[in-house]
Amino acid sequence: RRLTRRKSLLSILMYTPITLEESVGDDNTIGKTLELLFIGCEAKPPYGPYDHTANLFLQLIVRALESCATKTTKVVMQVYSTSQGNFPSKDALEKCDGVILPGSFNSAYDEEEWVLQLKEWIQTELVAKERQTFGVCFGHQLYAHSYEQGQATKCGAGPQAGLKSSTLTEDGKKWLNPGSSNDEDSLNLYYTHGDMVEKLPPQASKLGGNEKVPIQSAVYFPDSSQSTPKPIAITLQAHPEFACDRQLGMEKTLNEIMEVMKSRGDVSEEDWKQAKEDAANEYEAVEKDSIGVMIAIGKTFGWF
């Protein structure tokens, strides 16, 4: 274990992440640059490789920025191949505006070295230092599982794929609605997962869920005794990045992942056909909710 950790430290010192960037609005406008670190957790298609997954999030964030009044005119994302042992340096963490923890074909309770290392890193570098984090699917599960009183487990209702609805709690209406009025009771988003968060730690609050997956989203607060604590993390079981673009997100990524799930026997042929049809027919509604959620999270973190 010590030799592995020394090798990981050396890789941090020598490793150069991929950089993705995109301008928002008029190229002549000078404004804020949003700098994010992307913790790549899946190298294999169709969810990977790392830069493909990161680009889904980049496009979602840019679309969200374009949909609201913002001074942010450029998004820069540093993409790390973390499932291969590469983590951001201390300097990169200090300079960034936030961290994205995406999905993976791994489970939060796996005993693979990189999963164990990432679990520990979440607590020491993100939670302890109150770095704003947006987690999705595996990221949602691992963030909860990194706490002693949090737990991720297999989904008791079986693997979930396609369009699913999540009923929002009062906290969900507060933190996941992009507008000032909390009148949305549910969110319709895309899902592909076989695990779920079974238990949240005391530092977290449930934002939404349904009968099959009770905890589909959560907000986390620091341990500090602030009178009005600000969230340090918001995590979703859903994949809002799949609605960043119909072709790139839904057809090339969501549909291909559901195809893999069908081939593995995670979903039946009939359920796969229905999920694919529902995803296509309801794309505009899911797109609206996905961008809305991203706007809400961006505003909460001060990214937008």
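The legends below describe close-up views of a predicted model.

**View 1. Tyr 143 and Tyr 220 form an aromatic pair.**
A search of the whole structure finds 11 aromatic pairs. A pair of aromatic rings is described by the distance of the centres and the angle of the planes. For Tyr 143 and Tyr 220, the ring centres are 4.7 Å apart and the planes meet at 65°, so the pair is edge-to-face; the cut-off for this class is over 60 degrees. The two residues come from distant parts of the chain, 77 residues apart. Tyr 143 belongs to helix α5 (residues 138-145), and Tyr 220 belongs to strand β11 (residues 217-220). Tyr 143 is buried, with a relative accessible area of 0%. Tyr 220 also has a relative accessibility of 0% and counts as buried.

**View 2. Phe 301 and Trp 303 form a tilted pair.**
The ring centres of Phe 301 and Trp 303 lie 5.1 Å apart, with the planes at 55°. Phe 301 is buried, at 5% relative accessibility. Trp 303 is buried too, with a relative accessible area of 1%.

**View 3. Helix α9 spans residues 283-301.**
This helix has 19 residues. From its first C-alpha to its last, α9 reaches 27 Å, close to the 27 Å expected at 1.5 Å a residue. Most of α9 is covered, with 14 of its 19 residues buried. Just after the helix comes Gly 302, which takes a positive phi of about 75°.

**View 4. Helices α7 and α8 pack against each other.**
Helix α7 covers residues 246-263 and helix α8 covers residues 269-281. Their axes are 10 Å apart and form an angle of about 170°. Angles over 145 degrees count as roughly antiparallel, and α7 and α8 are therefore roughly antiparallel to each other. Residues of α7 in the contact include Arg 246, Met 250, Leu 254 and Lys 262. On the α8 side, the contact residues include Glu 269, Trp 272, Ala 275 and Lys 276. The charged end of Lys 262 sits over the ring of Trp 272, 4.6 Å from the ring centre.

**View 5. Helices α4 and α5 cross at an angle of about 70°.**
Helix α4 (residues 113-127) and α5 have axes 9 Å apart. The angle makes α4 roughly perpendicular to α5, a class that runs from 65 to 115 degrees. On α4, the contact is made by Trp 114, Val 115, Leu 118, Lys 119, Ile 122 and Val 127. On α5, the residues are Phe 138, Leu 142, Tyr 143 and His 145.

**View 6. Tyr 147 lies in the loop between α5 and β6 (151-154).**
Tyr 147 has 6% relative accessibility and counts as buried. Leaving aside neighbours within four places in sequence, Tyr 147 is in contact with Gln 123, Val 127, Pro 201, Gln 203, Tyr 220 and Ile 232. Val 127 is 20 residues from Tyr 147 along the chain, and their C-alpha atoms are separated by 9.5 Å.

**View 7. Phe 38, Phe 57 and Phe 134 form a cluster.**
The three residues are linked by ring pairs.

**View 8. Arg 264 lies over the face of Phe 105.**
Arg 264 is at 5.4 Å from the centre of the Phe 105 ring.

Definitions and conventions: Residues are numbered from 1 along each chain as its sequence is written. This is a predicted model: local features need pLDDT of at least 70, side-chain atom pairs count only at pLDDT 80 or more; totals for chains, interfaces and linings use all residues. Side-chain values use heavy atoms; hydrogens and water are left out. Rings of Phe, Tyr and Trp (its six-membered ring) pair if their centres lie within 6.5 Å; planes under 30 degrees apart count as stacked, over 60 as edge-to-face and the rest as tilted. Helices (H or I, at least four residues) and strands (E, at least two) are DSSP runs, numbered from the N terminus. Buried means under 20% relative accessible area, exposed over 50%, partly exposed in between (1.4 Å probe, protein chains only). A charge sits over a ring if NZ of Lys or CZ of Arg is within 6 Å of the ring centre and within 35 degrees of the ring normal. The expected span of a helix is 1.5 Å times one less than its number of residues. Axes are lines fitted to C-alpha atoms, for helices over the stretch in contact, and angles run from 0 to 180 degrees between N-to-C directions. Angles under 35 degrees count as roughly parallel, over 145 as roughly antiparallel, 65 to 115 as roughly perpendicular and the rest as oblique. Contact means heavy atoms within 4.5 Å.
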